[in-house]
Amino acid sequence: MKEIKKINPHDILDYGIKYFPNFRTGSNPFEFIYAYYLDGKMIGFIDYSIIYEKAEINYIAVSEEYRRKGIGEELLNYFISKLNGVSSVSLEVNVNNEGAIKFYLKNGFVKKAIRKNYYNGEDAYLMVKKLEVI
Ligand SMILES: CC(C)(COP(=O)(O)OP(=O)(O)OC[C@H]1O[C@@H](n2cnc3c(N)ncnc32)[C@H](O)[C@@H]1OP(=O)(O)O)[C@@H](O)C(=O)NCCC(=O)NCCS
């Protein structure tokens, strides 16, 4: 059985550090984290912030053995479905993270700018997806 549910920052720490060496979470009141569970096991999560009319994806990851099965897209669409009055979603992604860049392009994000030195000597793309505000 699959389930996406809101979780607390301390419950994602070990999982997050596995995929993001500098993983930090729970630092601001605008931040939300949802985890994807399959038969009770956490296999992915999305961590995002909503700052008035802008949303930002801080982290998204799916366990290696469950990738390319649409779970990342499910998490992304779940997050977008929860947004209300938000006109754009942005994120930074390492320019060398080809898989994630393809994932975002497939899901309607466009490259907007390069952030030089964003990751300790490595550059990032700023990617943005515009949303229709209803
Ligand atoms: C990015 C990530 C979350 C995608 O999760 P996922 O569950 O594998 O993604 P999906 O199965 O929903 O992929 C949807 C589509 O995106 C594209 N895509 C996803 N991963 C891809 C990859 N590695 N290479 C090329 N295209 C990819 C494909 O078009 C895919 O559809 P397809 O499998 O039918 O071809 C996952 O690769 C991950 O956890 N990466 C490590 C952490 C990371 O880098 N996060 C992003 C930086 S913040």
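1. A word on terms before we start: a residue is called buried when its relative accessible area is under 20%, exposed when that value is over 50%, and partly exposed in between. Please also keep in mind that this is a predicted model.

2. Let me begin with T25, which sits in the loop between α1 (13–19) and β2. Is T25 buried or exposed? Its relative accessibility is 16%, which is under the 20% limit, so T25 counts as buried. The side chain of T25 makes a polar contact of 2.7 Å with the side chain of E31. Beyond the four places on either side in sequence, T25 is in contact with P9, I12, L13, E31, I33 and D47.

3. Next comes Y34, in strand β2 (residues 31–38). Y34 is buried, because its relative accessibility is 8%. Setting aside neighbours within four places in sequence, the residues in contact with Y34 are I4, K5, K6, G44, F45, I46, Y48, L75, Y78 and K82. One of these partners, K82, is 48 residues from Y34 along the chain, with 11 Å between the two C-alpha atoms.

4. I57 belongs to strand β4 (residues 54–62) and is buried, with a relative accessible area of 5%. Its contacts outside four places in sequence are I46, D47, Y48, L76, F79, V89, S90, L91 and F109. For L76, the separation from I57 is 19 residues in sequence and 9.3 Å from C-alpha to C-alpha.

5. Now the ligand. Which residues are closest to the ligand? They are I60, V62, G70, G72 and N97, out of 18 residues that surround the ligand. For I60, a backbone N or O atom lies 2.8 Å from a nitrogen atom of the ligand. For G70, a backbone N or O atom is 2.7 Å from an oxygen atom of the ligand. N97 uses its side chain: a polar atom there is 2.7 Å from an oxygen atom of the ligand. On its own the ligand has 920 Å² of accessible area, and the protein covers 77% of that.

6. On to charged pairs. Side chains of opposite charge can pair when their charged atoms come close. How many salt bridges are there in this model? The count comes to five. One of them joins E74 and K2, with the closest N and O atoms 2.9 Å apart. This pair links distant parts of the chain, since E74 is in helix α2 (residues 71–81) and K2 is in strand β1 (residues 2–6), 72 residues away. E74 is partly exposed, at 27% relative accessibility.

7. Another salt bridge is formed by E65 and K41, whose closest N and O atoms are 3.9 Å apart. The cut-off is 4 Å, and I would keep that figure in view for this pair. K41 is partly exposed, with a relative accessible area of 41%.

8. A further salt bridge pairs K116 with D123, at 3.1 Å between the closest N and O atoms. K116 is exposed, because its relative accessible area is 63%.

9. F30, I51 and Y52 make a nonpolar surface patch of about 330 Å². I51 is in strand β3 (residues 41–51) and is partly exposed, at 38% relative accessibility. Y52 is in the loop between β3 and β4, and at 65% relative accessibility Y52 counts as exposed.

10. Finally, two backbone angles. Y52 is not a glycine, yet its phi is positive, at about 55°. R68 is likewise a residue other than glycine with a positive phi, near 60°. R68 is placed in the loop between β4 and α2, and R68 is exposed, with a relative accessible area of 86%.

Methods
Residues numbered from 1 in each chain as written. Predicted model: local features only at pLDDT ≥ 70, side-chain atom pairs only at ≥ 80, totals over all residues. Heavy atoms only, no water. Patch = residues over 30% accessible without salt bridge, like charges linked within 9 Å, V, L, I, M, F, W, Y side chains within 5 Å. Areas by Shrake-Rupley, 256 points an atom, 1.4 Å probe, with all protein chains shown as cover. Salt bridge = Lys/Arg side-chain N within 4 Å of Asp/Glu carboxyl O. Helix = DSSP H or I, 4+ residues; strand = E, 2+ residues; numbered from the N terminus. Buried < 20%, exposed > 50% of the residue type's maximum accessible area, 1.4 Å probe, protein only. Near = heavy atom within 4 Å. Polar contact = N/O pair within 3.5 Å; in protein donor to acceptor, adjacent residues only side chain to side chain. Contact = heavy atoms within 4.5 Å.
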